[in-house]
Amino acid sequence: KDGRCPSTALMQCFDEEFTCERCCSLDEGPRGDTDCWARGQRGANTPRLESGGRAYPTPSDVVARMGPNAEAQVGRAAGSPAVFSYELCCAGF
């Protein structure tokens, strides 16, 4: 079930499969649809955030949509830090 896309959403996080409405839907749980953030990376570098959620390495297609400077911040060049999460993409943290 899809919810609404919050005004705080970072639209570069989403695509046709992982839509903002799906991923940020609180109908799925307090941090939206966790499959959107894990994208097959469960158990990999997934630290718990201070907010209680989990963060994952940012998928390469999302890094590309974020623009030319994103690779140095959240991509492989930066060591693929685990920051991809509900908090980043939906809550505007």
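These legends walk through a few close-up views of this predicted model. In a predicted model like this one, local features need pLDDT of at least 70 and side-chain atom pairs count only at pLDDT 80 or more, while totals for chains, interfaces and linings use all residues. Residues are numbered from 1 along each chain as its sequence is written, and side-chain values use heavy atoms, with hydrogens and water left out.

**View 1. The largest nonpolar core has 16 residues.** A nonpolar core is a set of buried Ala, Val, Leu, Ile, Met, Phe, Trp, Tyr and Cys residues joined through side-chain atoms within 4.5 Å. Here, buried means under 20% relative accessible area, exposed means over 50%, and partly exposed lies in between (1.4 Å probe, protein chains only). The residues with the most contacts inside the core are Phe-14, Cys-23, Cys-24, Trp-37, Phe-84, Cys-89 and Cys-90. Two or more residues come from each of α1 (20–23), α2 (34–38) and α5 (86–89). Of the elements, α2 gives the most, with 3 residues. Helices (H or I, at least four residues) and strands (E, at least two) are DSSP runs, numbered from the N terminus.

**View 2. Cys-23 and its neighbours.** Leaving aside residues up to four places away in sequence, Cys-23 touches Phe-14, Phe-18, Arg-31, Gly-32, Asp-33, Cys-36, Trp-37, Tyr-86 and Cys-90. A contact means heavy atoms within 4.5 Å. One of these neighbours, Cys-36, is also joined to Cys-23 by a disulfide, with an S to S distance of 2.2 Å. The torsion about this S-S bond is about -85°, so the link is left-handed. Cys-23 lies in helix α1 and Cys-36 in helix α2, so the pair ties together parts 13 residues apart in sequence. Both cysteines are buried.

View 3. A disulfide is a covalent bond between the sulfur atoms of two cysteines; the cut-off used is a pair of cysteine sulfur atoms within 2.5 Å. The structure holds 4 disulfides. One of them joins Cys-5 to Cys-20, S to S 2.0 Å, and is right-handed, with 85° about the S-S bond. Cys-5 is partly exposed, with a relative accessible area of 27%, whereas Cys-20 is buried at 2%. Another disulfide pairs Cys-24 with Cys-90, their sulfur atoms 1.9 Å apart. Its torsion is about -85°, so this disulfide is left-handed. Cys-24 and Cys-90 are both buried. Counting the bonded cysteines of the protein chain in sequence order, the pairing reads 1-3, 2-7, 4-6, 5-8.

**View 4. An aromatic cluster of Phe-14, Trp-37 and Phe-84.** The structure holds 2 aromatic pairs. Rings of Phe, Tyr and Trp (its six-membered ring) pair if their centres lie within 6.5 Å; planes under 30 degrees apart count as stacked, over 60 as edge-to-face and the rest as tilted. Phe-14 is in the segment before α1 and Trp-37 in helix α2, so their pair ties together parts 23 residues apart in sequence. Trp-37 also forms an edge-to-face pair with Phe-84, at 5.5 Å centre to centre and 70° between the planes. This pair links helix α2 with strand β2 (residues 82–84), Trp-37 and Phe-84 being 47 residues apart. Phe-14 and Trp-37 are buried, and Phe-84 is buried too.
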